Every structure is written in C-alpha cells, then in structure tokens.
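The following paragraphs lead the reader through selected features of one protein model.

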Amino acid sequence: MAVATGKIFDDQGWTLDDNTCAEPSLVRAVYEKEQLTVGDTDTGLFRFADWLPVSRMLEGSAPPVTYHSTELGAHLGLKNLYVTFSGYWPEKGAAMTTCSFKETEAYSVCGRIPEGERKVLVVASAGNTARAFAKVCSRNGIPLLLSVPEDNIDALWFEEPLGDCVKLISPRKGGDYFDAIHLGNLALGSPMFFAEGGCKNVARRDGMGTTVLSAVTHIGMIPDYYFQAIGSGTGAIAAWEANMRFIADGRFGQNKMKLIVSQNTPFLPMYEAWRAGSRDLLPYDGDRARRDAEEIIAKVLSNRKPPYGVTGGLYDALTDTGGDIDAVTNAELCEAAELFERLEGVDIHPAAAVATASLVRRAKAGGIEPDATVMLNITGGGEKRFKADHKARTGRDVWMLKPSAVFPLDADMQSVTAAVEELFAGL
C-alpha cells in the first residue's frame, strides 16, 4: 500500500515504490492475517512470520526478548518499564550473535529474496547492519556486496570466517555513511547487482518492527512510550507501523505509543529539523557532517539522508504519535551505558545507550508518569559478553572482515562497477 494515496497493489517480489504515486512515499505491507499468531520459539524471528513479508524461513535467527525491568525501573521511579533487548544475553534467552537488532531486518529482508536468486544484493551500512547481513548471507549462501566506511570496519567482527559469497568495499578514510551509500549506488550501475532498498524495503521495516511485536505480546498491551536512538529513523517508523497493526488487531488496546527518539550530539540533522518545525531536513554541509560523525561515539547514528520528510516517514510518525526527538551528548551516553550495565547486568551498544540516556533524562525531569507503560528498545548489547564467551569456548578472538577494495570519495561508476563485477566473477 502506498502511504500517500492508500492505494493497495500486488507485490511483484521486490517492490520498493508505487511508481504511479505522484509524490515520494513509503509503501507498506498489508497482511492477510489482521490478528497476529505468534509461532513456536524454535522458529526464531520467524515466529512473527504472520507480519513479515517473507517467502521462506532461514536458519539461525533469534527474536528480540522483552522483560520487565525492576532495577532500572526502580532507579527511575517507573513501575512499568519494559526492556526489549536485541543482542546476546543467554540468561534472558537473547541469542543474536551479532549483538544487534539489525539481525531482525537482515533475516526478514533475506527471507524475502527468492531462493536461487543469483544477482548480488547491495547493502550500505555504518557497521551493525553490515555485520548482520554478512552473517545471514554467509550462512545461507546469498551473494552480498557490503559498502561500509573504512573508518567503521572495526565493527565487522564475526564468530567465524565468512563465505566467499560476501564481499566488502569501502570509501577511503574520512568518508562517512553517506559516502558508503553513494559507493553502493555506483556499484548498482552494473546489472549484476540489486539494491536492498533501505527504509523503502517493507521487509527491513517489518523485521525491525518485531521489537514491538515482542514487547506488545509479552506485556499484553500497547505501551504508552517508546524510546529508541535513531540514525535513519527506520526503526521508529517500523515501531509506528507495528503499533497501527496492533490497533487493527484489536486485542491489545487502541493506544498510540508516544515515540521518543534520540540522536547523538553533534550529529543532529533530524533533531534540528524537528526543533525548527520543518518537514524537510535543514542544509547540512558534507564536510561538517563528516566532522560531526567523527565526534559522536554512536557511529551507527550518522545517516545524513534519512527518510525523515517522505510521506510515511519519521516526521509523520512523530506527528501522529505526539512524539519528540532528544539530543544526547557523548558524556550522557557513557553514563547511561554504565548505569544500564550496573543495574541490569549486561553491556549495551552506544546507540542503545543514547536511547537509555534519553529515558533517564525525561524520567528524572518528571516527564513520564510513574505508572506509564514504557518500552525501551535496546537495539544492541552483550558484545563484551559474547566476545568473552567466544574466546573461552574457542580459544580465538573474533574474525575480522577486511575490504576487498577501497575507493576514493570521488570514484566514478565505471571504475567501481568494473571492480565489483570482478569480485563476483567466480560465483
């Protein structure tokens, strides 16, 4: 369905847009089952397959885990704080070995790809998304070209070496996520490759929306507040869409979660646009954006061109839910990460610490009612625990993926397509 027009049309297998729509608009999946039936736990993420646009179930997935937070909740004076955790935490049953909720989108997107597809999927990432797609594609034999900034490749660690079907290219040092997107787009000049689609891909959004499916089915109701850090805002859009599906389901109430999302200072394009009351992002010089991206600790939150103003995008989600955007400093992020690990018992990623810092600030300021039902989306965690367990189990450190090719920021399409075609010539 095109959000701008409400027009419903058939998916052609990899539909990313409604070409008949006169304005830029996201499309949404419309599922046959209006009420969600949650499957067996042994199906992993695909226990939510009723509301995933997949044609097959892949091996090795794990769902997000939701639990009632007593320690952090008590510290903040919140009686009904629920944490939805995506990562590695054996005691809670959390088994995402990339330690990131990006696994939810990777399994959903790859489950949408028809079996036997020989074209190469292209995914641009600031780090965590690439790690998740690399794991899923390697294990399932799906050809994948990753584009990740050279400055971010320390995020590309894995429990085991990847298959030859996965290759990495990078814009040279000094490039950011936007440069990685541009490089991936250059590779798409070759007919050997096809675009994953980012926020346009309904499988990506609905995969990320399983965090809300986990929370609502565990709590038994739609929460009042939803906290998450944002780089593109896609996860928050997905949460909003999942919320609307639950309202249509009818068994979990008619509540709309107030979306409270956050960015890491000084990289604040969506925060600044929202504070200015603007549907459009404000001008953001590329050199300044790269400098700001270097300063933030939560590197994965550095998307210069997010789906903010597009119809059905983050601006609409915030407006519809009465939501807001916070700006969180590096110092606040570090304090929140320490607080969460001390009270809850597991390390969390910087982006998740940004969301936690936003929650802490608002709770301490009295901005959340003590009896409100709050969902805190911890989008990544347990990395220190996983790496320690992996070393104890195998005697080895994690395996690192290195680029097969590094390109200047002004690389041209011809040189890029020639190089990436050569990378996959033997497949």
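The model is a predicted one, in which local features need pLDDT of at least 70 and side-chain atom pairs count only at pLDDT 80 or more, while totals for chains, interfaces and linings use all residues. Residues are numbered from 1 along each chain as its sequence is written, and side-chain values use heavy atoms, with hydrogens and water left out.

With a relative accessibility of 22%, V54 counts as partly exposed (buried means under 20% relative accessible area, exposed over 50%, partly exposed in between, with a 1.4 Å probe and protein chains only). Apart from neighbours within four places in sequence, V54 is in contact with F46, S108, G111 and R112, contact meaning heavy atoms within 4.5 Å.

Helix α2 (residues 102–112) and helix α3 (residues 128–140) have axes that come within 8 Å and cross at roughly 45°. Axes are lines fitted to C-alpha atoms, for helices over the stretch in contact, and angles run from 0 to 180 degrees between N-to-C directions. Among the residues making the contact are A106, Y107 and V109 of α2 and A132, F133 and V136 of α3.

Helix α10 (residues 314–321) is largely enclosed by the rest of the structure, because six of its eight residues are buried. These are L314, Y315, D316, A317, L318 and T321, and they pack against α7 (234–249), β11 (258–264), α8 (269–275) and β12 (324–328). G322 follows α10 and has a positive phi, near 65°.

Five strands form an open sheet with parallel pairing, in the order β9-β5-β6-β8-β15; two strands pair if DSSP finds at least two bridges between them. At the edges stand β9 (193–195) and β15 (405–407), each of which pairs on one side only. From one strand to the next, the twist averages 30°. Strand β8 (residues 166–171) runs parallel to β15 and is joined to it by three bridges, with S170 opposite V406 in β15. Helix α4 (residues 177–187) packs on this sheet, touching β5 (120–124), β6 (144–147), β8, β9 and β15, and its direction makes about 125° with that of β8.

Note on methods. Helices (H or I, at least four residues) and strands (E, at least two) are DSSP runs, numbered from the N terminus.
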